[in-house]
Amino acid sequence: KEATARQQSTVAQPTVIQQSVVQSTVTNSDNISIPVKDGISIEMVRVEAGTFTMGATPEMENPLYEEKPAHQVTLTNDYYIGKYEVTQALWKAVMGNNPSNFKGDNLPVEQVSWDDCQEFLSKLNSITGKTFRLPTEAEWEYAARGGNKSRGYQYSGSNNLSDVAWNINNSGSKTHAVGSKQANELGIYDMTGNVWEWCQDWYGKYSSSSKTNPTGANRGSKRVARGGSWNFNLLACRSSYRGYGSPDNRLNYVGLRLVLSE
């Protein structure tokens, strides 16, 4: 596990999707439900395009150098992001196995590497006919902050960590069912805590210049992971905190969350 946390190292993690029986994609103005197989569907929340300040904004306490400098980011396209972290039930339906240390259909899948996630995405897209992917780091942070409904919280949905996150102080040293804490402003769960979530980007240093639809460094040795987890403290759970790890790392506190472009 290689990352930038000061208490324990930081890394990414997978997200699991809610289960429900549906025959076809169900939509409303803000949410969609996409069937996969075996009665399992993926619940997703629309994030409207917008501009935000990424990184060490004033409300983020004790920011680290990796979060600096804060800089303006514009996302020009709406996108859908998983309402929940990818669950073990979804992973098993797609991959036929469950690598997780903490077992339970509604728990987030973990012990999946960034490379494993790419194989999962390929198979998921083949089953659904959709184009699911990992979020970019900017897409992840914008959604975690509440998008254009952001209230400026430190964590995803609250300034009180225990309201929204399973972390080192309340987890009992294990993961918990997705969606069992309070959602953020967009109705997304567990973007803080439970498991780290892999992002698409190579890790690279920030610059102060404004960016449009950034996709991270052009190359590197570490992939970004975001959100903190059941075994990390409040520092690593802030929405601006950046974790990273080798793309072949498999850890019991790293999972994923899905994104679908419109």
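View 1. Helices (H or I, at least four residues) and strands (E, at least two) are DSSP runs, numbered from the N terminus. In this predicted model, local features need pLDDT of at least 70 and side-chain atom pairs count only at pLDDT 80 or more, while totals for chains, interfaces and linings use all residues. Residues are numbered from 1 along each chain as its sequence is written, and side-chain values use heavy atoms, leaving out hydrogens and water.

**View 2. The buried residues of α2.** Buried (under 20% relative accessible area, 1.4 Å probe, protein chains only) are W114, D116, C117, F120, L121, L124, N125 and T128. These residues lie on the same side of α2 because they cover an arc of only 165° around the axis, taken from the directions from the helix axis to the C-beta atoms. After α2 comes G129, with a positive phi near 75°.

**View 3. The open sheet of four strands.** The strand order is β11-β10-β8-β12, with mixed pairing; two strands pair if DSSP finds at least two bridges between them. Each of β11 (243–245) and β12 (254–255) has a single partner strand, so one side of each edge strand is left without a neighbour in the sheet. Strand β10 (residues 223–226) runs antiparallel to β11, joined by three bridges, and R223 stands opposite G245 in β11. Helix α2 (residues 114–128) packs on this sheet, touching β8 (196–202) and β10.

Terms used
Contact = heavy atoms within 4.5 Å. Axes fitted to C-alpha atoms, helices over the stretch in contact; angles between N-to-C directions. Buried < 20%, exposed > 50% of the residue type's maximum accessible area, 1.4 Å probe, protein only.
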